[in-house]
Amino acid sequence: MIYNSHHITTVWLDLDDTLIDFTTNAHTSLIAMWQQEPVLRNLWPDPEQWAECYERHNIALWAEYNIGRISRQSLRMERFRRPLCQAGLPDHNARSLSELFDPLYLDLLAQQKTLMPGAITLLRRLRRAGVTIGILSNGFKEVQHRKIHTAGLDPYIDLVVLSDDIGVNKPDPRIFDHAMRQAHDTDPTHHLMIGDNPQTDIAGAIATGWNALWYHPLRAFPGVPCPKGADEITDLSHFILKAC
């Protein structure tokens, strides 16, 4: 699609499952954890069972974290503690292992390089269009910058704004306001958000008065309609921005 919004000066991109294939990279990291950690092999005889159990709890916890119902510390503890306890480990042991597994998982995750299809094509087109390119993510600062570097995205990115910067997550308009200040342009009509999550990326952008493009390659949010006020796309390589 050709996005005919010549007034756009800054394009903000979600990182996970928009540019970086987080779903694939996270699954690869979880399999690697199972292979490295005897306790995981004892509790789950198959790595896919371990990954499925972790992912189920992690998705539910991120939904709570994104709307501010739990802290980042709780998320990072509970996403390992809960599956470990479900598999039969005593709570005190699960908590101790969770503290060990969290940095291990993040380190493995930061080593993965798989991108979403069309991500580099999109970034190159945005660079040629002359707009400022920013990352706007709810991810943790300990790993997001490393993931950008490992995936080779540094040359294309001008700004990185993370929820950790101000302790506020998308879709809260405050993080979008903060991003505009970082771009030195507080006119919301000059900003475009591209992201895969309609509840955080798209709803937050629209509430702040930004332009919004929902990227959904048919893997997540099945049956969810495009949020009112947003455009949608299923292939990043089909996006062309006509900008000044």
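Me: In which strand is L162 found?

Reply: Helices (H or I, at least four residues) and strands (E, at least two) are DSSP runs, numbered from the N terminus. Here, L162 sits in strand β4, residues 159-162. This is a predicted model: local features need pLDDT of at least 70, side-chain atom pairs count only at pLDDT 80 or more, and totals for chains, interfaces and linings use all residues. Residues are numbered from 1 along each chain as its sequence is written, and side-chain values use heavy atoms, leaving out hydrogens and water.

Me: Is L162 buried or exposed?

Reply: Buried means under 20% relative accessible area, exposed over 50%, partly exposed in between (1.4 Å probe, protein chains only). L162 counts as buried because its relative accessibility is 1%.

Me: Which residues does L162 touch?

Reply: Contact means heavy atoms within 4.5 Å. Leaving aside residues up to four places away in sequence, L162 touches S137, G139, K141, Q144, H145 and I175.

Me: What is the strand order in the open sheet?

Reply: Two strands pair if DSSP finds at least two bridges between them. The six strands run β4-β3-β2-β5-β6-β7, with parallel pairing. β4 and β7 (231-233) each have a single partner strand, so one side of each lacks a neighbour in the sheet.

Me: How many bridges join β6 to β7?

Reply: Three, between parallel strands. Y215 has I233 in β7 as its bridge partner.

Me: Which strands does helix α9 lie across?

Reply: Axes are lines fitted to C-alpha atoms, for helices over the stretch in contact; angles run from 0 to 180 degrees between N-to-C directions. Helix α9 (residues 173-182) lies across β2, β3, β4 and β5, at about 155 degrees to β4.
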